[in-house]
Amino acid sequence: MRSGPRPTPDRPAAPRSDGERTDGDRGAARAHRRERIARWLFLLPATAYLLLFFALPLVKNVVMSFQQYSATTFYTGEAPFTGLRNYAKVLSSDPFWQALLTTVLFTVGSVCGQFVLGLALALFFRRRFPLGDVLRSLLLLPWLLPLVVSGTTWKWMLDTDTGVVNRALRDLHLLSSGVPWLTGTSSALVSVILVNIWVGVPFNTAILYGGLQDIPAHLYEAAKLDGAGPTASFRYVTWPLLRPVAGVVLVLGVVYTVKVLDIILVVTGGGPADATQTLSTLSYELSFQRFEFGRGAATGNVLVVLSLAFALVYLRAGRRALNV
């Protein structure tokens with residue numbers, strides 16, 4: 001029996017060294033490098049914007065809070081280091097604690113009102129009806145308007161003597177005299193809360209409406225077949241699936257509301273008798289009316305720390321709830 005040469009199995013080619021790379025390999029490497037450079041170039045404007053308009057002012061504010069920074073500093077350039085003296089003065093003053101209480105009341109009232117009304121409107125607009133898309137678009141107008149414009153309009157509407165709100169109430173014979181919406185110490189805070197609710201409801205409605213669209217319709221059909229009514233469907237279907245979105249809305253609402261300045265400055269200016277003085281307006285007053293920039297910066301930093309603390313606590317609690 002004749003034996004011929006045995007066929008040799010195909011062996012994998014040995015890897016080429018860097019010097020043996022083909023033109024295709026080098027071209028692919030160059031294309032990959034160009035892609036990475038393009039990515040960084042696209043990120044560069046956003047990074048520069050964040051560093052210039054967020055990181056730099058924040059660092060400057062922190063440094064200023066440890067200095068005796070006053071109006072004369074702009075001429076002399078001298079801002080002596082004072083350590084924690086500015087924080088000690090701020091935390092030991094009665095206006096700070098009154099402003100902190102007002103901030104809590106303003107934030108809780110605004111966020112609760114915005115969320116409840118926003119959720120109700122989101123559930124309402126989930127139903128299909130004529131002109132529903134048009135009405136939902138018009139609902140965004142209060143949120144799109146500049147806050148100064150909204151505040152000025154509401155200040156005119158809530159004026160005690162010439163405001164349209166009091167005039168309408170008198171024409172309906174609901175009141176015999178005008179309500180001091182903006183000049184009464186007991187009603188001014190309620191007024192700015194209502195104005196801020198009007199401004200923030202569209203944002204809550206838009207985000208919650210988007211969250212409702214992601215809930216599968218067959219879950220409601222299954223709940224209906226099981227005999228669940230509207231209340232039970234909301235409790236066992238809508239709310240559990242909407243809770244992650246609701247958590248984000250609440251966190252953003254608190255962070256945005258706790259630092260509201262425009263509305264209060266335009267509508268009441270922090271008055272009357274500091275009834276609407278929050279930490280934001282107190283920081284503004286210390287910095288740009290009393291020219292105590294160090295104390296104003298310290299007050300602003302306390303506000304930032306409180307906002308971050310709330311966000312971290314809430315997000316951690318939400319993460320634990322999801323893991324249960």
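This is a predicted model: local features need pLDDT of at least 70, side-chain atom pairs count only at pLDDT 80 or more; totals for chains, interfaces and linings use all residues.

**Loops, helices and pockets**

Student: Where does His173 sit?

Tutor: You'll find His173 in the loop between α8 (164–171) and α9. Helices here are DSSP runs of H or I with at least four residues, strands are E runs of at least two, and both are numbered from the N terminus.

Student: OK, back to His173. What is its phi?

Tutor: The phi of His173 is positive, about 60°, although His173 is not a glycine. Most residues other than glycine have a negative phi.

Student: And is His173 buried or exposed?

Tutor: His173 has 72% relative accessibility, so it counts as exposed. The cut-offs are under 20% for buried, over 50% for exposed and partly exposed in between, with a 1.4 Å probe and protein chains only.

Student: What about Pro272, where is that?

Tutor: Pro272 is also in the loop between α12 and α13. The peptide bond leading from Gly271 to Pro272 is cis, with omega near -5°.

Student: Let's switch to pockets. Which residues lie nearest the centre of the largest one?

Tutor: Those are Val255, Lys259, Val260, Ser280 and Leu303, out of 44 residues that line the largest pocket. A pocket is an open set of points on a 1 Å grid over the protein atoms alone, where a 1.4 Å probe fits, with protein on both sides within 12 Å along at least five of seven lines; lining residues have an atom within 4 Å of a point.

Student: Which elements give two or more residues to that lining?

Tutor: They are α1 (23–64), α6 (141–144), α9 (188–213), α11 (230–257), α12 (262–267), α13 (279–288) and α14 (293–323). The largest share comes from α14, with 10 residues.

Student: And what lines the second largest pocket?

Tutor: Its lining is made of Leu123, Phe124, Arg126, Arg127, Tyr220, Pro230, Ser233, Phe234 and Thr238. Both α4 (94–125) and α11 supply at least two residues there. With 4 residues, α11 gives the most to this second lining.

Student: New topic! Where is Val313?

Tutor: Val313 is in helix α14. With a relative accessible area of 58%, Val313 is exposed.

Student: How many Å separate the C-alpha atoms of Val313 and Tyr49?

Tutor: They are separated by 29 Å, and the two residues are 264 residues apart along the chain.

Student: Last one: where does Leu141 lie?

Tutor: Leu141 lies in helix α6. At 44% relative accessibility, Leu141 counts as partly exposed.

Note on methods. Residues are numbered from 1 along each chain as its sequence is written. Side-chain values use heavy atoms; hydrogens and water are left out.
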